[in-house]
Amino acid sequence: MNQSPQIGDRLTNKSAPPSDETVRDWTGLDAFAHWKALQDWIENSYPGTFIPEWIYGGKKHGWSLRYKKSRAFCTFLPEYRLFSVVVVLGRAERDKLEARRESLSSQLADLYDSTPTYRDGKWLKIGVSSADDLRDLTELLTIKRPPRSRH
């Protein structure tokens, strides 16, 4: 018997990467609007830098959309009625963030403080459900990798 999806469930049908329509239907219109806004921001801030790639993480983790050049930039997680992004901060990136800590929102600073640090860095999972969340996320991504200057 199939169970109804629960909030936060992942897309786990491995037959093919999800289409925009599938992501929209799964995350909901509001979350999908934030998904598209972040995609547009990345494309405008880092033109031609990243080629998004769908990766399948197995039955438990399902599909995610990774932005990567030589190292991962961020990973979009389409969850049932939610949109989250994972950003991994290595040592140098954490040092940059610490230097700009006073500019972080209290919500982002609290998430950063409560996230464990592993050998390969801090894996921050940020839920994006408002313009403020999107602003926090773009600020974090700008710290991770400054946007290309436009000449």
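These are my notebook entries on a predicted model, taken element by element.

**Entry: the sheet**

I began with the strands. I found an open sheet of six, in the order β1-β2-β3-β4-β6-β5, with antiparallel pairing. Which strands stand at the edges? They are β1 (53-56) and β5 (117-118); each has a single partner strand, so one side of each is left without a neighbour in the sheet.

Next I went along the pairs. β1 pairs with β2 (residues 63-68) in the antiparallel sense, over four bridges. In that pair I saw Trp54 standing opposite Leu65 of β2. Between β3 and β4 I noted five bridges, again antiparallel. Here Pro78 faces Phe83 in β4. β4 and β6 also run antiparallel, and six bridges join them. Leu89 stands opposite Lys122 of β6 in this pair.

I then asked how covered β4 is. Six of its eight residues are buried, so I wrote it down as mostly covered, buried being under 20% relative accessible area.

**Entry: Arg81**

I stopped at the hairpin of β3 and β4, which has two residues between the strands. Arg81 is in that loop.

**Entry: helix α6**

I checked the length of α6 (residues 131-144) first. With 14 residues at 1.5 Å a residue, the helix should span 20 Å, and its end C-alpha atoms are 20 Å apart, which agrees. At the start of the helix, a side-chain oxygen of Ser130 comes to within 3.3 Å of the backbone nitrogen of Asp132.

Is α6 enclosed or open? Ten of its 14 residues are buried, so the rest of the structure largely encloses it. I listed some of the buried ones, including Leu134, Leu137, Leu140, Leu141 and Ile143. What do the buried residues pack against? I found α2 (29-45), α4 (91-99) and α5 (106-114) among the helices, plus the strands β3 (72-79), β4 (82-89) and β6 (121-127).

**Entry: aromatic rings**

I counted the aromatic pairs next: the structure holds 13. Ring pairs link a cluster of Trp35, Trp41, Tyr46, Phe50, Trp54, Tyr56, Trp63, Tyr67, Phe73, Phe76 and Phe83. Two names were already in my strand notes: Trp54, opposite Leu65, and Phe83, opposite Pro78.

I also looked for a charge over a ring. The charged end of Lys122 sits over the ring of Tyr112, 4.6 Å from its centre. Lys122 is the β6 residue that Leu89 stands opposite.

**Entry: Pro18**

My last stop was Pro18, in the segment before α1 (20-27). Buried or exposed? Pro18 is buried, with a relative accessible area of 9%. Which residues does Pro18 touch, leaving aside neighbours within four places in sequence? I found Leu11, Val23, Trp54 and Trp63. Trp54 and Trp63 both belong to the ring cluster above. I also checked Ser64: it is 46 residues from Pro18 along the chain, yet their C-alpha atoms are separated by 9.2 Å.

Terms used: Residues are numbered from 1 along each chain as its sequence is written. This is a predicted model: local features need pLDDT of at least 70, side-chain atom pairs count only at pLDDT 80 or more; totals for chains, interfaces and linings use all residues. Side-chain values use heavy atoms; hydrogens and water are left out. The expected span of a helix is 1.5 Å times one less than its number of residues. Buried means under 20% relative accessible area, exposed over 50%, partly exposed in between (1.4 Å probe, protein chains only). Contact means heavy atoms within 4.5 Å. A polar contact is a pair of N or O atoms within 3.5 Å; within protein, one must be able to donate a hydrogen and the other to accept it, and residues adjacent in sequence count only if both atoms are side-chain atoms. Rings of Phe, Tyr and Trp (its six-membered ring) pair if their centres lie within 6.5 Å; planes under 30 degrees apart count as stacked, over 60 as edge-to-face and the rest as tilted. A charge sits over a ring if NZ of Lys or CZ of Arg is within 6 Å of the ring centre and within 35 degrees of the ring normal. Two strands pair if DSSP finds at least two bridges between them.
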